[in-house]
Amino acid sequence: MKTKILMVAIALIFISCSSSKEESTDPVVGIWKLNSITMLGQEFINNCKLKDNIEIRSNKTFTITSHNLDDNCAIETASGNWVSVSNDKYNFSAAGDTQTFTLVSDNMLTFSFVQNSNTVVYTYIK
């Protein structure tokens with residue numbers, strides 16, 4: 001009788017324990033390295049800028065690390081918050097400025113802006 005009670009108790013423990021679901025992570029979360037900068041179909045990148053990256057965290061914060069071309073690749077960082085605005089668009093806000101990034105694929109993120117009437121595109125890869 002004790003064996004049956006023990007087996008029923010063990011079975012109830014296994015049945016009542018729910019498996020914990022992994023928190024779904026947004027595909028933008030991770031570390032993204034700058035891969036290219038293009039304008040007018042030409043690529044403008046050097047070894048200094050290839051060190052740039054964005055660390056995007058699941059708690060909706062991010063840190064951009066960039067390297068200043070005018071100061072021997074001196075490191076500059078900026079941190080802020082991000083929000084998903086659609087399946088592939090994300091707004092990143094830091095220091096009062098908000099920019100939209102596009103998730104092209106699970107391993108490609110782009111950011112573009114207009115400079116002197118020309119569109120500049122930064123492409124990051126995971």
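Predicted model: local features only at pLDDT ≥ 70, side-chain atom pairs only at ≥ 80, totals over all residues.
Colleague: How many residues does the largest nonpolar core have?
Modeller: A nonpolar core is a set of buried Ala, Val, Leu, Ile, Met, Phe, Trp, Tyr and Cys residues joined through side-chain atoms within 4.5 Å, where buried means under 20% relative accessible area, exposed means over 50% and partly exposed lies in between, with a 1.4 Å probe and protein chains only. Those with the most contacts inside the largest core are V28, W32, I56, W82, F92, L109 and Y124. The size of this core is 19 residues.

Colleague: Which elements give two or more residues to this core?
Modeller: Strands are DSSP runs (E, at least two residues), numbered from the N terminus. By that numbering, the elements that give two or more residues to the core are β1 (30-39), β3, β6, β7, β8 (108-115) and β9.

Colleague: With which residues is V28 in contact, leaving aside its neighbours within four places in sequence?
Modeller: Contact means heavy atoms within 4.5 Å, and V28 is among the residues with the most contacts inside the largest core. With those neighbours left aside, the contacts of V28 are I56, W82, Y90, F92, L103 and L109.

Colleague: How are the planes of F101 and Y124 arranged in their aromatic pair?
Modeller: Rings of Phe, Tyr and Trp (its six-membered ring) pair if their centres lie within 6.5 Å, and planes under 30 degrees apart count as stacked, over 60 as edge-to-face and the rest as tilted. A search of the whole structure finds 9 such aromatic pairs. In the pair of F101 and Y124 the centres are 6.4 Å apart and the planes stand at 50 degrees, so the pair is tilted.

Colleague: Where in the chain do F101 and Y124 lie?
Modeller: Both F101 and Y124 are buried, and both belong to one aromatic cluster that also includes F62, W82 and F92. Their pair links distant parts of the chain, 23 residues apart, with F101 in strand β7 (residues 97-105) and Y124 in strand β9 (residues 118-125).

Colleague: Why does I54 count as buried?
Modeller: I54 is found in strand β3 (residues 53-56), and its contacts beyond four places in sequence include W32, F62, F101 and Y124. I54 counts as buried because its relative accessible area is 0%.

Colleague: Which residues of strand β6 make up the covered face, and which the uncovered one?
Modeller: In a regular strand the side chains alternate between the two faces of the sheet. In strand β6 (residues 89-94) the uncovered face holds K89, N91 and S93, and the covered one holds Y90, F92 and A94.

Colleague: Over how many bridges do β6 and β7 pair?
Modeller: Two strands pair if DSSP finds at least two bridges between them. Strands β6 and β7 form a hairpin with 2 residues between them, and A95 in the turn has a positive phi of about 50 degrees. F92 stands opposite Q99 in β7, and the strands pair in the antiparallel sense over 6 bridges.

Colleague: How far apart are the sulfur atoms of C48 and C73?
Modeller: A disulfide is a pair of cysteine sulfur atoms within 2.5 Å, and by this rule the count comes to 1 disulfide. The pair links distant parts of the chain, 25 residues apart, with C48 in the loop between β2 (42-43) and β3 and C73 in the loop between β4 and β5. C48 is buried at 7% relative accessible area, whereas C73 is partly exposed at 23%. The sulfur atoms of C48 and C73 are separated by 2.0 Å.

Colleague: Which residue forms a salt bridge with D52?
Modeller: A salt bridge is a side-chain nitrogen of Lys or Arg within 4 Å of a carboxyl oxygen of Asp or Glu, and the structure holds 2 of them. One joins R57 and E55 at 3.6 Å, N to O. In the salt bridge of D52, the closest N and O atoms are 2.5 Å apart, and the partner is K49.

Key:
Residues numbered from 1 in each chain as written. Heavy atoms only, no water. Helix = DSSP H or I, 4+ residues; strand = E, 2+ residues; numbered from the N terminus.
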